[in-house]
Amino acid sequence: MHPDLANREIILGVTGSIAAYKACEIASRLTEAGATVRAALTQSAQEFVGAVSFEGITGNCVITSMFDPGLNPEIEHIALAKRASAFLIAPATANIIAKMAHGLADDWLSTTLLATRAPIVIAPAMNTQMYTHVATQENIATLKARGCIFVGPDAGQLACGDVGAGRLIETPAILEALVCALHVDKPLRGKKVLITSGGNHEPIDPVRFIGNRSSGKMGHALALEALRLGAEVTVVTGPHRVPLPHGVETVEVETAHEMLEAVEAHFEDCAVFIGAAAVADYRVERPALDKHKHSDAMLTLSLVPNPDIAASVSLRKRPDQITVGFAAETSHITEHAQDKLKRKHLDLIVANEVGVAESGFGTDTDRAWLIKANEAVVDLGLLAKTELAQAVFSALALNGTGSLKA
Ligand code: CTP
């Protein structure tokens, strides 16, 4: 879990939706991450889920009414409005969204939301017709313009039987949005970050391909960190196992050629390009149009090299653009990485050890080094991919004016 949540006081506003029970899991994840969680249940939320559950999960008393007998000064609404690190409304009904948009204050949650200046994250959950209604959409637009962060909803089968947008988005996406909201320093605001992620599938015939073990975890961590720093993030991703963070523009591709095409289409606008994809070095020269039939004869595939995406964009970058690459190595790690840094005209390369238990494809940690031209190699040791993503952006020397210097 992200360290940003530790020692933060999060007000979890739960409103009257069938998805209210899912807020228990959210409270649980936040508590595990070291946050102090104060759950505030509206009157209608209490029809769906019990305050006692939240009290048990968070270890804190639950706010159920503006005028609870014995409401102590610590959770008095103005005190909490001032002290909270962030508010998370999950699930958020059309009603609370409308009340917030219009400044209504008729219960503890709406009153406290009006009194706070802390970041607010809203995870809507409601019937699709209610969600797509122009009134709700206008209210959402109003709140977004005031800086509220919306996450979700997901589309799918709803409790009422309808199919469409309105399901409460999954907990990990909600927590990621909260992590982004908590990071108030946004040195990349107004900047675009372009990331390649995942692996490639190079077709052999209509049903078979050559692939690799890339999970997309590093691309995910980099995208989340870029969002946290306020960037607009585009991820061009090949096949991957880990979903990308909510709020990222995602371009799904399969082959290295498709990846190059998508990267070229987005490169012009970006301030930072990061090649985190495990790009397929080769493709089948002529993929078969029909499925290969089984036979006892040997099958030889003729492979031709793929274009080098990181090198190709680095050659045409402007002085205000930065390109970053990864070097996945099994031996002579920093030497090979230094060679790639030069050969691909990158500003920064992350060397990482692959093929060992705790580092490389599919792991949550990496053994990594940061290398810039003419500078001493920085040995980062073994660290979480999320920490590595932070180290990469710190190495780009972001400053308050939003300018970047690799
Ligand atoms: N890369 C790329 N296009 C390729 C190959 C690699 O953009 N066709 C990028 C990767 O995303 C990574 C960097 O280049 O940022 C280095 O990738 P890596 O696989 O370590 O290096 P290769 O150039 O493929 O060299 P080798 O496989 O021989 O180690």
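This briefing describes local features of one structure, grouped by topic. The model is predicted, so local features need pLDDT of at least 70 and side-chain atom pairs count only at pLDDT 80 or more, while totals for chains, interfaces and linings use all residues. Residues are numbered from 1 along each chain as its sequence is written, and side-chain values use heavy atoms, leaving out hydrogens and water.

**Ala-19**
- Ala-19 lies in the loop between strand S1 (9-14) and helix H1 (22-32); helices (H or I, at least four residues) and strands (E, at least two) are DSSP runs numbered from the N terminus.
- Ala-19 counts as buried because its relative accessibility is 7%, where buried means under 20% relative accessible area, exposed over 50% and partly exposed in between (1.4 Å probe, protein chains only).
- Apart from neighbours within four places in sequence, Ala-19 is in contact with Pro-91, Ala-125 and Leu-168 (contact means heavy atoms within 4.5 Å).
- The C-alpha atoms of Ala-19 and Arg-286 are 51 Å apart in space, and the two residues are 267 residues apart in sequence.

**Helix H5**
- Buried residues of helix H5 (residues 94-102) are Ala-94, Ile-96, Ile-97, Lys-99, Met-100 and Ala-101.
- These buried residues pack against strands S3 (86-92), S4 (120-124) and S5 (149-150), and against helices H6 (108-115), H7 (128-132) and H8 (134-145).

**Leu-303**
- Leu-303 belongs to strand S15 (residues 303-305).
- With a relative accessible area of 42%, Leu-303 is partly exposed.
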